[in-house]
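Open the model in your viewer and keep the selection tool at hand. Each stop below says what to pick and what is there.

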Amino acid sequence: LVKNTGNFPDNYGLTVENVWAAWVSPTQLENLNPDENKHATLFVTIPDNANPGDSDNVTVTATCEENENVSDNATCIVRVGSFGVEVSILESYQENAPGGNLNYTVRVSNTGDFDDTYELTFADNINGGTYWEENISLDNSSLAVPAGENRTTTLRVTIPDNAPPGTYDNITVTAASQADNTVKKSASCIAHVARLSISISPGYQ
């Protein structure tokens with residue numbers, strides 16, 4: 001936005017100073033009356049080799065045609081955005097008897113600057129016996145999450161009927177960005193097979 005703060009109509013030339021490729025259109029604002037303003041558009045091309053978090057200061061200067069000593073400028077910052085994700089499981093530990101069901105709430109947070117969709121996978125690491133993969137499922141195989149927001153899904157576990165009491169399974173859920181496959185995070189929870197409790201009543205006769 002360029003405003004004529006003088007007392008006479010004037011024309012102004014626009015120039016750009018920065019490191020990355022940038023230009024302004026139009027480069028000339030003509031016939032601005034006193035107190036009148038006009039807009040120009042700044043374009044910036046981010047280099048292909050720029051890394052997330054890199055930035056450039058871009059300065060646009062407006063110079064009066066009638067008197068080149070009359071000028072003013074404004075600066076903006078252009079930053080390379082990034083993709084990000086965090087994963088948490090709200091219930092870190094649960095237990096049930098063989099054949100019982102356990103439900104875990106998985107929260108996926110988009111910590112990046114852009115909307116993203118995350119692919120969800122799980123893996124288990126049991127401390128004894130056979131793996132429970134066939135007894136584990138996620139309600140969603142992917143979640144679309146706007147930037148700065150989070151979404152949840154449910155991890156469902158059915159403890160095998162033949163699981164020995166005291167056995168536990170460490171289950172890890174991973175969320176991977178579909179926009180940038182180097183961006184991924186994981187969280188874990190434990191599913192424990194409850195030990196049987198036996199009591200005899202009365203205690204004696």
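**Stop 1: the cysteines.** Select Cys64 in this predicted model. Cys64 is buried, because its relative accessibility is 7% and the limit for buried is under 20%. Now pick Cys76. Cys76 has a relative accessibility of 32% and counts as partly exposed.

**Stop 2: an open sheet.** Show strands β4, β2, β7 and β8. They form an open sheet of four strands, in the order β4-β2-β7-β8, and the pairing is antiparallel. Which strands are at the edges? They are β4, residues 28–32, and β8, residues 71–79; each of these pairs on one side only. On average, neighbouring strands of this sheet are turned by 20 degrees against each other, direction ignored. In general, strands of a sheet pair through backbone hydrogen bonds, either parallel or antiparallel.

Zoom in on β2, residues 10–17, and β4. Three bridges join these antiparallel strands. Select Asp10 to see one end of a bridge: its partner in β4 is Leu32.

**Stop 3: backbone exceptions.** Stay with β4 and select Asn31, which lies in that strand. Phi of Asn31 is near 55 degrees, a positive value in a residue other than glycine. Asn31 is exposed, with a relative accessible area of 56%.

Next, select Asp35, in the loop between β4 and β5 (37–38). Phi of Asp35 is also positive, near 70 degrees, and Asp35 is not a glycine. Is Asp35 buried or exposed? Asp35 is exposed, at 57% relative accessible area.

Then step back to Ser25 and Pro26. A cis peptide bond joins these two residues, with omega at about -5 degrees. Pro26 sits in the loop between β3 (21–25) and β4. For context, most residues other than glycine have a negative phi, and most peptide bonds are trans.

**Stop 4: Asn110.** Select Asn110 in strand β11, residues 101–110. Asn110 is buried, with a relative accessible area of 3%. Which backbone oxygens lie 2.9 Å from a polar atom of the Asn110 side chain? One belongs to Phe114. Another belongs to Val145.

Now draw a distance from Asn110 to Glu36. The two C-alpha atoms are 43 Å apart in space, and the residues are 74 apart in sequence.

**Stop 5: salt bridges.** How many salt bridges does the structure hold? Four.

Start with Arg79 and Asp113. Their closest N and O atoms are 3.1 Å apart. Arg79 lies in strand β8 and Asp113 in the loop between β11 and β12 (116–126), so the pair ties together parts that are 34 residues apart in sequence. Arg79 is partly exposed at 46% relative accessibility. Asp113 is partly exposed too, with a relative accessible area of 36%.

Move on to Glu86 and Lys185. Their side chains meet in a salt bridge, at 2.9 Å from N to O. This pair links distant parts of the chain: Glu86 is in strand β9, residues 85–89, and Lys185 is in strand β17, residues 184–193, 99 residues apart. Glu86 is partly exposed, with a relative accessible area of 38%. Lys185 counts as partly exposed at 36%.

Then take Asp139 and Arg156. In this salt bridge the closest N and O atoms are 2.8 Å apart. Asp139 sits in the loop between β13 (136–138) and β14 (142–145), Arg156 sits in strand β15 (residues 150–158), and the two are 17 residues apart. Asp139 is partly exposed at 41% relative accessibility. Arg156 has a relative accessible area of 35% and is partly exposed.

**Stop 6: Thr167.** Finish in the loop between β15 and β16 (168–177), where Thr167 lies. Is Thr167 buried or exposed? Thr167 is buried, with a relative accessible area of 7%. Show its side chain together with the backbone of Pro164. The Thr167 side chain reaches the backbone oxygen of Pro164 at 2.8 Å.

Notes
Residues are numbered from 1 along each chain as its sequence is written. This is a predicted model: local features need pLDDT of at least 70, side-chain atom pairs count only at pLDDT 80 or more; totals for chains, interfaces and linings use all residues. Side-chain values use heavy atoms; hydrogens and water are left out. Two strands pair if DSSP finds at least two bridges between them. Axes are lines fitted to C-alpha atoms, for helices over the stretch in contact, and angles run from 0 to 180 degrees between N-to-C directions. Buried means under 20% relative accessible area, exposed over 50%, partly exposed in between (1.4 Å probe, protein chains only). A polar contact is a pair of N or O atoms within 3.5 Å; within protein, one must be able to donate a hydrogen and the other to accept it, and residues adjacent in sequence count only if both atoms are side-chain atoms.
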